[in-house]
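Student: I am new to this structure. Could we walk through how to read it together?

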Amino acid sequence: MKIVVLDGYTLNPGDLSWEGLEALGEVALYDRTDEKDIVARVGDAEYVFVNKTPMKRETLQQLGNLKFIGVLATGYNVVDVDAAKEFGIAVTNIPTYGTTAVAQYVFALLLEICHHVGEHGNTVKQGEWSRSADFCYWHYPLIELAGKTMGIIGMGRIGKNAAKIANAFGMKVVAYDEYQDSSIVSDQLQYVELDRLFAEADVISLHCPLFEGTKGIINKSNIGKMKDGVLIINTSRGPLIVEEDLAEALKSGKVGGAAVDVLSQEPPGMENPLVKAPNTIITPHIAWAPKESRKRLMDIAVANLEKYLQGTPVNVVNA
Ligand code: NAI
């Protein structure tokens, strides 16, 4: 039984083990794969794992033996799931491995905007505090979160976790989701329509998946509905934001700050408008990557294939 991992490096750069998968079959392991090499590498294998390697209709069409694609991530927009379904290929994802890590990371980004800990720490190492006339100094407006309102778009697993942390900081949460869970509504957490969220939120955090309907949800028109100085956090998917529009709003000060872990193209070109935009923090898609969550991801990926082989598939996204 042949299993091909097309881009395994980011999941396991060497600090985890592939032995769970190796126990199920003969594994061909590639750190990364160019699109043009997918067909040759998969060959007649029936089982494939991908993280960000695109599996388009025209590629799937050429992989006659393929039965199973295990996406090594939560978001599975890299696979044409409708085409896969048409060709009888099950696509699985890993729904929950990174929930707590990503929610924690939202606040790593937000707190960096509020305090610029890293940059202030660097100025001390460079001697600025030693040279300072005063007992303290700061280079950015410092922001307190308590009493502010966090708008969460996409109140799923990560959104709900981020909301709990926001509440713990003393923030009120307004959430927008197509499906509402009344059990979590409280004095400090309400579902609202999207326009009301835009109007009320001091901080907006994106947690909806990337679909046609959510693509570009942060655009010029919607930014116009937001509070002046609003902060925007994106740990979901880059194309949720029209990057040119956000960069313009950061330049004008309409948006007070943005912190994103994801961009429309990854890795980005240096011409990406957010790279040079003011008050912007960009990190290289690391919200998911603490070792604890990658280990969970690996275990669930193995279990997804195991269950599929036993005839009781789980986490199938194109059933
Ligand atoms: P989830 O499926 O639990 O939650 C997504 C929520 O979005 C659901 O409640 C759904 O009803 C809602 N939704 C769907 N369409 C919507 C719309 N049009 N408007 C508003 N809400 C809508 O997913 P989870 O686990 O919370 O993950 C969310 C996203 O986070 C993933 O799709 C993925 O893109 C991203 N992610 C990013 C990571 C990173 O390393 N930066 C790691 C893991 C996930």
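Tutor: Gladly! Across the interface of domain 1 and domain 2, the rule finds two residue pairs in polar contact, both at pLDDT 80 or more. A polar contact is a pair of N or O atoms within 3.5 Å; within protein, one must be able to donate a hydrogen and the other to accept it, and residues adjacent in sequence count only if both atoms are side-chain atoms. This is a predicted model, where local features need pLDDT of at least 70, side-chain atom pairs count only at pLDDT 80 or more, and totals for chains, interfaces and linings use all residues. Residues are numbered from 1 along each chain as its sequence is written, and side-chain values use heavy atoms, leaving out hydrogens and water.

Student: How many salt bridges are there between domain 1 and domain 2?

Tutor: A salt bridge puts a side-chain nitrogen of Lys or Arg within 4 Å of a carboxyl oxygen of Asp or Glu. Between domain 1 and domain 2 the count is zero.

Student: Which residues make up domain 1 and domain 2?

Tutor: Domain bounds come from an automatic or database domain assignment. Here domain 1 covers 2-97 + 291-309, and domain 2 covers 99-282. Their centres, taken over C-alpha atoms, are 31 Å apart.

Student: What area do domain 1 and domain 2 bury between them?

Tutor: Interface size is often given as the accessible area lost when the parts come together; buried area uses a 1.4 Å probe and is summed over both parts. For domain 1 and domain 2 that is about 550 Å², with 41% on carbon and sulfur atoms. Asn77, Pro95 and Thr96 supply 52% of the area that domain 1 buries against domain 2.

Terms used:
Buried area = accessible area lost by both parts, 1.4 Å probe.
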